[in-house]
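Subject: Structure handover

Hello,

Please find the structure below, followed by notes on what was found in it.

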Amino acid sequence: MPGEDPFDEGATATSILRQPKAVWATAGASVVAFMGIGLVDPILPSIAQGLDATPSQVSLLFTSYFLITAVAMLVTGFVSSRIGGRRTLLAGLALVVVFAALSGTSSSVAELVGFRAGWGLGNALFVSTALAVIVGAAAGGSSAAILLYESALGLGMACGPLLGALLGNASWRYPFFGTAALMAIGFLCIAAFLKEQPKPAVKTSLLDPVKALGHGGLASVAASAFFYNYAFFTILAFTPFVLDMTPYKSGAVFFAWGLLLAVFSVLVAPRLQRRFGSLKVLGASLVLLAADLLVLGYGDHTTAVVATIVSGAFIGMNNTVYTELALGVSDAPRPVASAGYNCVRWFAAAAAPFLAPKIEEWTDIHIPFVVAALAALVGAAVVGVRRTALTHEAEELEPVHALEDSVSVFADR
C-alpha cells in the first residue's frame with residue numbers, strides 16, 4: 001500500500017488477519033503439508049517394531065520421500081506454468097491424500113517406503129506452488145501474505161511431530177490416516193474457495209533449473225546447502241533412534257525443536273542479518289551446529305535431548321539465509337533458481353537418513369554425528385572459500401526483499 005511502512009509490525013499483524021477465504025484455505029493446507037515432514041519422527045521406533053524392521057530400513061521413509069522431492073523440483077515449475085497454480089495445488093493434495101492413506105495400510109517396510117515416495121511427489125507439487133498462490137490471492141500486500149505462509153510453515157514443522165506422537169501412541173498407522181483426512185479437507189477448501197491464478201507469461205522448461213546451476217554463485221550456495229542438509233536430516237531422521245523415547249516424549253522434544261526453528265527462522269535470523277551480514281550469520285551458525293552435533297553425539301541422554309532442541313535454532317537461521325542467497329545470487333528467475341537449488345540440497349536430505357544408521361552399524365553410535373558435524377563444517381568452508389561470489393548479493397539483500405525471495409522455496413524453514 002502507498003505510504004505504508006513495510007517494517008510496521010502492527011500494520012502487518014493487522015493485515016495478515018484480513019485475508020480472503022482462498023488464502024486461509026491454502027495456508028491451512030500448507031500447515032498440514034509441512035507437518036508431513038516431521039510426522040514420522042516420534043513413531044520411527046514404533047514403525048520399526050510394528051513392521052519388524054531395522055533403523056536403517058525405516059529411515060528409508062525419509063530417503064524415498066526426499067529423493068522423489070529432489071527430482072520433482074525439476075518438474076514442478078514445468079507443470080505449474082502449463083496447468084496453473086490451482087490445478088497444481090489440487091493435484092499435489094490429491095496425491096498426498098492417496099499415498100498418506102496407503103501408507104497407513106502398509107504391511108511391510110518396502111510398501112511404506114514406496115507410498116512415502118508418492119507422498120513426496122504430491123508434497124513437492126503442493127508446497128512449491130502454495131506461497132506463489134497465497135501472494136497472488138492475498139490482501140494487504142505481499143509482506144503480510146508471506147508472513148502468513150512462513151507462520152504456517154513454522155507451525156507445521158512444529159506440530160508434525162506432536163501430531164505423530166498423539167496419534168502414534170495408539171498405533172503407528174493413525175498419523176498417516178490423520179494426515180490423509182486433514183489434506184482431504186484442505187483439498188475441498190481449495191477447490192471451493194480458490195479461483196484459478198493467471199499462468200506465467202513464459203513457460204518453464206525441464207532443463208532451466210539445471211542450466212541455472214551453471215552460475216557460480218548459485219552452484220556454490222547449492223553445494224554448501226547440500227552438506228548442511230546432510231547435517232540437518234541426520235538430526236531429524238536419526239536422532240529419534242538415539243533418544244529411544246516414547247512417542248509422547250519424542251514428540252514433545254521435536255515440537256520444542258520445531259518452535260525454535262520457526263522463531264529463529266522468521267524473527268531472529270533477519271535481525272542478526274541486518275546487524276552482522278548474511279555470510280557471517282551463516283558461517284557462525286554452521287559452526288555452532290557442528291559443535292551442537294558433537295555434543296548430541298557424545299553427551300548423556302539429557303544432554304542429547306537439550307542439544308536436539310537447541311539445534312532447531314541453528315537450523316532455522318541457516319534455512320533463512322540459504323533461501324535468500326539461493327534466490328538472490330544469480331540472475332535466473334526465482335522459480336528456476338529455487339528449483340535448481342532445491343534439487344541439489346534435497347538429495348542430501350535423501351542420503352542422510354539412509355547413511356546415518358548404516359554408519360552406526362559399521363562403527364558406533366557416535367560416528368554418525370561426527371560425520372554430520374564435518375558436513376556442516378564443509379558447508380561453512382564452501383561459504384568462506386566462495387565468499388567473493390556470494391558477498392555482493394548477500395550484503396545487499398534487504399529484509400523485505402528477503403521475504404519476497406521465499407516465494408518459490410520449498411520448506412526451507
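Helices (H or I, at least four residues) and strands (E, at least two) are DSSP runs, numbered from the N terminus. This is a predicted model, in which local features need pLDDT of at least 70 and side-chain atom pairs count only at pLDDT 80 or more, while totals for chains, interfaces and linings use all residues. Residues are numbered from 1 along each chain as its sequence is written, and side-chain values use heavy atoms, with hydrogens and water left out.

Overall

The protein chain has 18 helices and zero strands. Of its 413 residues, 55% are buried (under 20% relative accessible area; exposed is over 50%, partly exposed in between, with a 1.4 Å probe and protein chains only). Among contacts (heavy atoms within 4.5 Å) with a separation of 6 or more, 86% are between residues 24 or more positions apart.

Ser 59

Ser 59 lies in the loop between helix H4 (55–58) and helix H5 (60–83). Its relative accessible area is 0%, so Ser 59 is buried. Not counting residues up to four places away in sequence, Ser 59 touches Ala 237, Phe 241, Pro 353 and Pro 357. The C-alpha atoms of Ser 59 and Ala 356 are 8.9 Å apart, although 297 residues separate the two along the chain.

Two packed helices are described by the angle between their axes and the distance between the axes. Axes here are lines fitted to C-alpha atoms, for helices over the stretch in contact, and angles run from 0 to 180 degrees between N-to-C directions.

Helix H11 (residues 216–243) packs against H14 at an angle of about 155°, with the axes 10 Å apart. H11 is therefore roughly antiparallel to H14 (over 145 degrees; under 35 is roughly parallel, 65 to 115 roughly perpendicular and the rest oblique). The residues that make the contact include Tyr 228 and Ile 235 of H11, and Ser 311 and Asn 318 of H14. By class, this contact of H11 with H14 has 13 nonpolar, seven polar and no charged residues. Ala, Val, Leu, Ile, Met, Phe, Trp, Tyr, Cys and Pro count as nonpolar, Asp, Glu, Lys and Arg as charged, and the others, Gly among them, as polar.

Two residues of H14

Asn 318 is in helix H14 (residues 301–328), and Ser 311 is also placed in H14. Asn 318 counts as buried because its relative accessibility is 0%. Ser 311 is buried too, at 0% relative accessibility.

Each has a polar contact through its side chain. A polar contact is a pair of N or O atoms within 3.5 Å; within protein, one must be able to donate a hydrogen and the other to accept it, and residues adjacent in sequence count only if both atoms are side-chain atoms. The side chain of Asn 318 pairs in this way with that of Ser 285 at 2.8 Å, and the side chain of Ser 311 with that of Trp 257 at 3.4 Å.

Leaving aside neighbours within four places in sequence, Ser 311 is in contact with Ile 235, Trp 257, Leu 289 and Asp 292.

Helices H13 and H16

The axes of helix H13 (residues 278–298) and helix H16 (residues 367–385) come within 8 Å and cross at roughly 170°, so H13 and H16 are roughly antiparallel to each other. Among the residues that meet are Leu 282 and Leu 286 in H13, and Ala 373 and Ala 376 in H16. The contact of H13 with H16 divides into 18 nonpolar, three polar and no charged residues.

Regards
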